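Let's learn to read a protein model together, one feature at a time.

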Amino acid sequence: MKKSFYRITAAALMTTMLAASVVGCSKSSSGGSAATAGTETADPGKQTTGTADASGDLNPLTPPEGVQLKEDLAMGLKTKHTTIDTMEVSNTQHNYMFRMVHDTLVHFNNTTSELEPQLATEWSTDDGGKTYIFKLRDGVKFHNGETLKASDVVFTFNRMQGTTSSNNLYTKLESVEAVDDMTVKMVLINPNLDWPYMMTIPTTSILSEKAVTDDPTEGTGIGTGPWQIDSYEFGNYTKLVAFEDSWRGAPNAKTFTFRYIPEDSARLIALQNGEVDICMEPATIELGTIEADPNLDLISYDGGSLSYFAFNTQKSPADNEDLRKAVAYGIDVDSIIAVAAEGRGKKATSFWGWNEYGFYDCGGYEYNPDKAKEYLAKAYPNGGATLDITVSGAERKTIAEMVQSQLKEIGIAINIVELDSAGLSTSTTKGEHQSCIYGMGFNIFGDDARRILQPGSAVNKAHYDDPEVMELLDKAVAETDEAKRKEYYKEIQENVHEHVPYIPLYYADGFIGVKKGTGGIDIYPTSHHDYSKVFVPAD
């Protein structure tokens, strides 16, 4: 009974998630309907470009027979590691490491689109998603030699209180307790049908109570994954070594080093000359170079990461809704995709993930300078509109420069403020910005939208505060009637579209530059890939 629960729930919910784009599927400006786009991108691991290996596939899941593999691997990171604590940050570069070093209770299979056991072998709820029982896998070892017990899970979830990236999960818990050494009972404050899906994200990685108690700083790096942290120097490198006793099996190499190489050209050169085997987020202008190099592969996939424009709705002048609408209708998103993304992206028509449950095609904002001028006249009858846009990175700066040029035509002066990635994150979290260009990857469950809409959330770059939206989110996550649940999510997206705290721009196609023949990468549409089983052919 309990074993069948997660299979049935996963299959049923995922089916509706992938079908969710049918809701309100009006014709999109990119040339296809939302329903069509959802169908075409249902396989997040689809490779569409690059040079195939002998088997005809890019990124094969397992090493070819008889091929000698490199023992020491390296990745060029665009942005640096700043912590080894899974609860303090949730972004691409850190989640690469977290997925290799740690395990979560539940795993989402990107190939089958189903939930699968990880540290929990089964889970169940008998009261509509308020109380969950998790049965743990027996004999799982932490890197420090300790055996996984229910008390480690209880410790992990209690530790989430007040943390940067996991506190939002803690606030949903009424209690968490160990029924016995291998059974955990979680009681939520309110029913939440997305809870098993939330147990798949790296911020829920299970920690060793003994390791963290003995050393609150270094102990957070002790996990149960196939890789363990060997050494690190933030802003320079993080080195992992294989954990041979992993319940998932030993990895396909002995060491894996993340190297911080922020300059796009330097990262590509490092890939070309063999200093690294994987190039994180190659620049769009350099994709052709990778494709043309016979020693490299370019792996591409339908990305779920959204590039967007956010207004700080709590700060002047961005607190003026008419100004926000003027900007929304004064931006030509199609031209931004053509230039900033070099055409390698899909226009977003709602501030929601295309692969996220409950997606509703709001149609986006049409490029209409006349309508933009009408809203601007309401906001600034005497003229003189100015707005700061804070950015980091070459692509987002290009977006801002294009927005600057386009909005100048309707009478808005744009000042571009450049920060590094860490500075942008800090500044926008504190609300120091007027507006910004940012990006995020959406998870598959509908309540993931809470991150970018809940007041006080570090991910809510608009600092949007609408009680109606929060009420709808609370209703949706507890609603067992699928039609009603989708209607709630539709109302949320219509609210955001109407009040314009965010302007969705495009979902960027995802790319990974790798040494030829590289495989074993578990690709996530969010770009938070799992490199636990990565392999690279030896020279």
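A: Let's begin with a rule: two strands pair if DSSP finds at least two bridges between them. Helices (H or I, at least four residues) and strands (E, at least two) are DSSP runs, numbered from the N terminus. Strand E6 (residues 173–180) and E7 pair in the antiparallel sense, with six bridges. Please keep in mind that this is a predicted model, in which local features need pLDDT of at least 70, side-chain atom pairs count only at pLDDT 80 or more, and totals for chains, interfaces and linings use all residues. Residues are numbered from 1 along each chain as its sequence is written, and side-chain values use heavy atoms, leaving out hydrogens and water.

Q: In E7, which residue is the bridge partner of serine 175?

A: Serine 175 has valine 187 as its bridge partner in E7. E6 and E7 form a hairpin, with two residues between them. On strand E5 (residues 131–136), E7 has another antiparallel pairing, over five bridges. There, lysine 135 stands opposite threonine 183 in E7.

Q: How many of the six residues of E7 are buried?

A: Buried means under 20% relative accessible area, exposed means over 50%, and partly exposed lies in between (1.4 Å probe, protein chains only). Five of the six residues of strand E7 (residues 183–188) are buried, so the strand is mostly covered.

Q: In what order do the strands of the open sheet of seven strands come?

A: The order is E8-E9-E10-E1-E11-E19-E12, with mixed pairing. Strand E8 (227–233) and strand E12 (296–301) are the edge strands, and each pairs on one side only. Within this sheet, strand E9 (residues 237–242) runs antiparallel to strand E10 (residues 255–260), joined by five bridges. Threonine 238 has phenylalanine 258 in E10 as its bridge partner.

Q: What describes two packed helices?

A: Two packed helices are described by the angle between their axes and the distance between the axes. Axes are lines fitted to C-alpha atoms, for helices over the stretch in contact, and angles run from 0 to 180 degrees between N-to-C directions. Helix H16 (residues 467–478) and helix H17 (residues 482–499) cross at roughly 160°, and their axes come within 9 Å. That makes H16 roughly antiparallel to H17 (angles under 35 degrees count as roughly parallel, over 145 as roughly antiparallel, 65 to 115 as roughly perpendicular and the rest as oblique).

Q: Which residues make the contact between H16 and H17?

A: Contact means heavy atoms within 4.5 Å. Among the residues involved are Leu472 and Leu473 of H16, and Tyr488 and Ile492 of H17. The contact residues divide into eight nonpolar, one polar and four charged. For these classes, Ala, Val, Leu, Ile, Met, Phe, Trp, Tyr, Cys and Pro count as nonpolar, Asp, Glu, Lys and Arg as charged, and the others, Gly among them, as polar.

Q: At what angle do H11 and H13 pack?

A: Helix H11 (residues 333–340) and helix H13 (residues 394–408) pack at an angle of about 140°, and their axes are 10 Å apart. Their contact includes Ile336 and Val339 in H11, and Ile399 and Met402 in H13. The contact of H11 with H13 has six nonpolar, three polar and one charged residue.

Q: Where is the cis peptide bond between serine 316 and proline 317 found, and what is its omega?

A: Omega is about 5° for this bond. Proline 317 lies in the loop between strand E13 (305–311) and helix H10 (321–330).
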